[in-house]
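Here are my notes on the model, point by point. Please read them with the structure open.

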Amino acid sequence: MIIIIKKSANWIFGILIFVLLIEVFSFFASKLELLLFNGPPGAYSRIHSGNEWRTEKELWGAWHKSNIKSDRHQKYCFDVTYESNDVGARDLIDYLPLLSNNNVAIIGDSFVEGYGLNLEDTFAYKLKKKYGKKGLNFGASGDFGPVQEYLLYKSLITKIPHNEVIYFFLPANDFTDNDVNRMGDRYRPYFAGDDYKIVYPDGANPTEWFPSAKGTVNISNFNFIEKIKNALVEYTWTANTIRTVRHLNKELKSESKPQLKEHPNESWSYFVNSDEFIVNGTMTYVDKLFSEIPKNYPKTIIVIPTKQDLEYIENGLKYMHLAWYKKLQKIATHYDARFIDLATEKKYNQSMFHSCDGHWNKKGSETVLEIFLSLNSK
């Protein structure tokens, strides 16, 4: 019995030493950026999550607190600060006192806001130097879709002097951000029913705090394996080593397979074709947004593909025949808006994105501005 206990103790001790060595290795490898994934544990990174300036108290849900001077956001591939003005838009200048209307209202989600970018690297900030008009940043992170963008324009942007609109559409989440079938308990609008009317979750109240700014992930409904995974991601550097090994293994397996022929999910991003409700509901509010813009204002629609979209498109998957794409083009034609699909632009490629995040890096926002300027001059 004593021998068995000693063997068990030695076995447990050996495992603990092994786990400790893996953690030490992962820490130093991450700090030296030797792995594919080098970010700090979730509990550490939330110290600078970039969510303290966010709020959900407005009619359109996700937005920003007014007059925030600096909210730091840190990941292993970027370390930036966010700021807001008198109306909660990401800018250093106030919008309400503007006298000239020679401004461009730029509307969209986290890509427009400049998630993971310092202010001077955002599309809106760079626009003025090369376009002759001030870019007004009306982008917001936090599941911000067409219903919110319509309400934002109607409730706030119409009060701000401007004479042009650039609208960014992100298929990766704009079809799902306001789908009532994905309704949670946050204070944010959704479209519902045959007439796509705007509804809010029962019991949801406006709040000064963005949900993920106040705490950790709720794991009460996770199974045992999910809780282990969450603990690794939240509290250990070892998660980076595991992620790196899994990613490399996945790439090795993919190299032995034939090229992708079809998309595995027909309800996602550029390749949505199986859900009329989310397509029609989404396009209803894109149309409503453009119906609010004065007819004589120059208008542009820019469609944003993700890294995964580009991968599938490069492998020959088609999307231009799909209902959503034709409807968006029809809206552009109806409202005399320039239509730019970044997936068709050779300059726009995998190098446009952060290495640790799916949003644009500095090169990404610069390239999109170059594309807009070149096409707008024709």
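1. Salt bridges come up first, so here is the cut-off: a side-chain nitrogen of Lys or Arg within 4 Å of a carboxyl oxygen of Asp or Glu. The model is predicted, so local features need pLDDT of at least 70 and side-chain atom pairs count only at pLDDT 80 or more, while totals for chains, interfaces and linings use all residues. Residues are numbered from 1 along each chain as its sequence is written, and side-chain values use heavy atoms, with hydrogens and water left out.

2. E164 and K133 form a salt bridge, with 2.8 Å between the closest N and O atoms. The pair links distant parts of the chain: E164 sits in strand β7 and K133 in the loop between α4 and β6, 31 residues apart. Helices (H or I, at least four residues) and strands (E, at least two) are DSSP runs, numbered from the N terminus. Both E164 and K133 are buried. Buried means under 20% relative accessible area, exposed over 50%, and partly exposed in between (1.4 Å probe, protein chains only).

3. The structure holds 12 salt bridges. One of them joins D91 to K134, the closest N and O atoms being 3.1 Å apart. D91 lies in the loop between β4 (78-82) and β5, and K134 in strand β6, so this pair ties together parts that are 43 residues apart in sequence. D91 is buried, at 4% relative accessible area. K134 is buried too, at 13%.

4. E366 forms a salt bridge with K126, and here the closest N and O atoms are 3.4 Å apart. E366 belongs to helix α12 (residues 362-376) and K126 to helix α4 (residues 123-131), so the pair ties together parts that are 240 residues apart in sequence. Are the two partners buried or partly exposed? E366 is partly exposed, with a relative accessible area of 28%. K126 counts as buried, at 18% relative accessibility.

5. Now the sheet. Five strands make an open sheet in the order β6-β5-β7-β10-β11, with parallel pairing. Its edge strands are β6 (134-139) and β11 (337-341), and each pairs on one side only. Two strands pair if DSSP finds at least two bridges between them. Neighbouring strands of the sheet are turned by 20 degrees against each other on average, direction ignored. Axes are lines fitted to C-alpha atoms, for helices over the stretch in contact, and angles run from 0 to 180 degrees between N-to-C directions.

6. Strand β10 (residues 299-303) pairs with β11 in the parallel sense over 5 bridges. I302 stands opposite I340 in β11. Two helices to check here are α5 and α9. Helix α5 (residues 146-155) packs on the sheet and touches β5 (103-108), β6 and β7 (164-169), its direction making about 165 degrees with that of β7. Helix α9 (residues 276-292) also packs on the sheet, touching β5, β7, β10 and β11, with its direction at about 170 degrees to that of β7. Contact means heavy atoms within 4.5 Å.

7. Look again at α5. Among the buried residues are P146, Q148, E149 and Y150.

8. Which residues does I304 contact, leaving aside its neighbours within four places in sequence? The list is F111, F168, F169, L170, P171, Y270, L342, Y348 and W360. I304 lies in the loop between β10 and α10 (307-314). I304 counts as buried, at 0% relative accessibility. I304 and P171 are 133 residues apart in sequence and 7.1 Å apart in space, C-alpha to C-alpha.

9. V19 lies in helix α1 (residues 2-31). V19 counts as partly exposed, at 46% relative accessibility.

10. Overall totals close the note. The protein has 12 helices and 11 strands. Buried residues make up 48% of its 378 residues. The accessible surface comes to about 19,400 Å², of which 55% belongs to carbon and sulfur atoms. Accessible areas come from the Shrake-Rupley method with a 1.4 Å probe; for residues, only the protein chains shown count as cover.
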